[in-house]
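Q: Hey, I'm new to this one. Can you walk me through it?
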Amino acid sequence: MAYLSKIALNPRRRAAVPLLSSPHRLHAAVLSGLATQPVTERVLWRLENSTPHRADVLVLTESRPSWAHLVDDAGWPGADGGAPLIADYTPLLERLVRGREFGFRLTANPVRNVPRPDRPSEQQATRLKEAADNGSRPRGARVAHRTAAQQLDWLLSRCERHGFSIPDATVTPPAPGLHSTDQDLSAGPAVTIVGRDILRFRKHPDGPRVTLSTATFEGRLHVTDPDALRTTLLAGIGPAKGYGQGLLTLAPLRTTEANHD
């Protein structure tokens with residue numbers, strides 16, 4: 001089984017402030033919603049709509065969770081719209097068939113692996129120093145893709161292995177009587193980066209600072225391998241999943257539903 005939850009948090013509650021300012025703390029609070037401890041199942045989550053008035057957390061779990069602690073401490077207990085939503089994810093997984101199209105949303109940490117970063121983070125600098133002191137060869141490091149073009153290429157290069165492709169966007173034809181001078185009129189892939197951020201936090205007060213460059217993608221995908229896409233939905237895309245990255249969510253397209261139902 002798999003369950004997709006949506007929990008509304010109140011940013012004005014005192015207990016919500018540290019959760020919304022640190023992915024490390026929010027991850028721990030999410031794991032506290034599962035009865036089996038320590039947690040061994042894969043848990044994916046994503047923070048959405050984080051405004052001064054409301055923040056929603058999407059969570060994908062293998063077992064059915066309880067979010068009473070989050071609602072009581074940092075939400076709107078007893079208020080209309082304050083109850084968490086928990087939905088069985090199985091029906092969506094069963095609707096994945098080759099050729100079907102869905103709208104999608106993904107917040108991820110696009111990175112590449114390099115032998116030695118030019119500008120290492122605090123964690124990477126500590127690891128490099130330890131390797132030098134021990135006389136050992138340092139392992140490769142993850143370096144963030146900084147530009148929107150790099151982040152978009154990162155996603156496009158991973159689509160095939162994850163069981164989907166991103167079709168070309170629909171091009172609006174010229175108005176009657178007008179002709180395009182572009183012989184190769186194309187709108188490109190049907191995906192847009194709708195948000196970019198740099199998260200900085202510490203796991204422990206005296207620990208090194210963690211820095212994550214994130215990108216939120218929205219668009220349309222075409223199912224090419226249903227089994228691979230099911231695995232992707234349950235396992236996520238890219239690194240830093242414990243910090244709210246990698247959860248891919250789908251939404252039906254009306255035109256697609258009409259063609260398949």
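Predicted model: local features only at pLDDT ≥ 70, side-chain atom pairs only at ≥ 80, totals over all residues.

Q: How many aromatic pairs does a search of the whole structure find?
A: Two. Rings of Phe, Tyr and Trp (its six-membered ring) pair if their centres lie within 6.5 Å; planes under 30 degrees apart count as stacked, over 60 as edge-to-face and the rest as tilted. F104 and F164 make a tilted pair, because their planes are at 45°, with the ring centres 6.5 Å apart.

Q: Where do F104 and F164 lie?
A: F104 is in strand β5 and F164 in strand β8 (residues 164-165), so the pair ties together parts 60 residues apart in sequence. Helices (H or I, at least four residues) and strands (E, at least two) are DSSP runs, numbered from the N terminus.

Q: And what about F201 and Y243?
A: They form an edge-to-face pair, 4.9 Å centre to centre with 70° between the planes. F201 sits in strand β9 and Y243 in the loop between α7 (226-235) and β11 (248-252), so this pair ties together parts that are 42 residues apart in sequence. Both F201 and Y243 are buried.

Q: Switching to helices: which residues of α2 are buried?
A: In α2 (residues 23-31), P23, L26, H27, A29 and V30 are buried. They're on the same side of α2, because they cover an arc of only 160° around the axis; that arc is taken from the directions from the helix axis to the C-beta atoms.

Q: What covers the buried residues of α2?
A: The cover includes β1 (3-9), α1 (16-21), β2 (44-48), β3 (55-61), α3 (68-74) and β9, with contact meaning heavy atoms within 4.5 Å.

Q: Which residues of α6 are buried?
A: Q151, W154 and L155, in a helix that runs over residues 148-156. Their arc around the axis is only 95°, which puts them on the same side of α6. Among the parts covering them are β5 (101-108) and β10 (209-223).

Q: Which residues does a cis peptide bond join?
A: Q37 and P38, with omega about -5°. P38 is in the loop between α2 and β2.

Key. Residues numbered from 1 in each chain as written. Heavy atoms only, no water. Buried < 20%, exposed > 50% of the residue type's maximum accessible area, 1.4 Å probe, protein only.
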